[in-house]
Amino acid sequence: MSFSMRGYVFQKGLDDLRRAFEATMATIHTAHENAQADWLADKKAIEAGVLEAGVYEDRDFLYDRETLHELLIEQSRAAIPIAINAYVVILHHFWEKAVDDWRMAKRGKNYDAKREYAWLESHGLAPDRAALEFLRKAANTIKHNNPELYVDHSHLFNMGNGSAARPDYAGGLRLADGDFLRLLDSVRASGLQITSRDPFPYEP
């Protein structure tokens, strides 16, 4: 059985990225659930007369408990798409760098999607063009507010009431944890494997 050192490094990098993503999302989802649970506990206490709805200091009103909890819940909810989008950008950069390394890209000849798909296929690999294009467009949406992904996948966006002078595609993108993991698996299948024959020219 053949062994590809670069395939091993590529696959291990994706494993590390998956673990980091899962740990991050577990923490963020837990924070959101805790924020909801904290409000439910305070609400029950208010209804039972154990806790006042408003918070006072020396008879001066400071804040309303419900408003505070609503803000905390919304903040914790907003962190979910922000974290997923950050990992989408990381994943696409990881893929670009891997391919550039494999073909020993020279300065000024960095990753170009269509060219790289053809290059990978000419070297015996089977890049998942559809998934990689989705990943590329999603990363461009997040980094540059590019509307290209929205054109074909508007159902993945929450664009609000559309009153803004310039649509916020980056802020409106709503991918789920599973969407990211499917993209990661597509990247994994598209690149070098541990058992690949390493057909690329390589000079250590």
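Strand β1 (residues 54-57) pairs with strand β2 (residues 60-64) in the antiparallel sense, over four bridges; two strands count as paired if DSSP finds at least two bridges between them. Within this pairing, Phe61 in β2 is the bridge partner of Tyr56. The two strands form a hairpin with two residues between them, and Asp58 in the turn has a positive phi of about 50°. Helices (H or I, at least four residues) and strands (E, at least two) are DSSP runs, numbered from the N terminus.

This is a predicted model, in which local features need pLDDT of at least 70 and side-chain atom pairs count only at pLDDT 80 or more, while totals for chains, interfaces and linings use all residues. Residues are numbered from 1 along each chain as its sequence is written, and side-chain values use heavy atoms, with hydrogens and water left out.

The axes of helix α1 (residues 5-47) and α2 come within 9 Å and cross at roughly 175°. Axes are lines fitted to C-alpha atoms, for helices over the stretch in contact, and angles run from 0 to 180 degrees between N-to-C directions. α1 and α2 are therefore roughly antiparallel to each other, the term for angles over 145 degrees. By class, their contact has 24 nonpolar, seven polar and six charged residues; Ala, Val, Leu, Ile, Met, Phe, Trp, Tyr, Cys and Pro count as nonpolar, Asp, Glu, Lys and Arg as charged, and the others, Gly among them, as polar.

Phe94 is found in helix α2 (residues 65-102). Beyond its neighbours within four places in sequence, Phe94 is in contact (heavy atoms within 4.5 Å) with Phe10, Gly13 and Leu14.

Technical notes. Angles under 35 degrees count as roughly parallel, over 145 as roughly antiparallel, 65 to 115 as roughly perpendicular and the rest as oblique.
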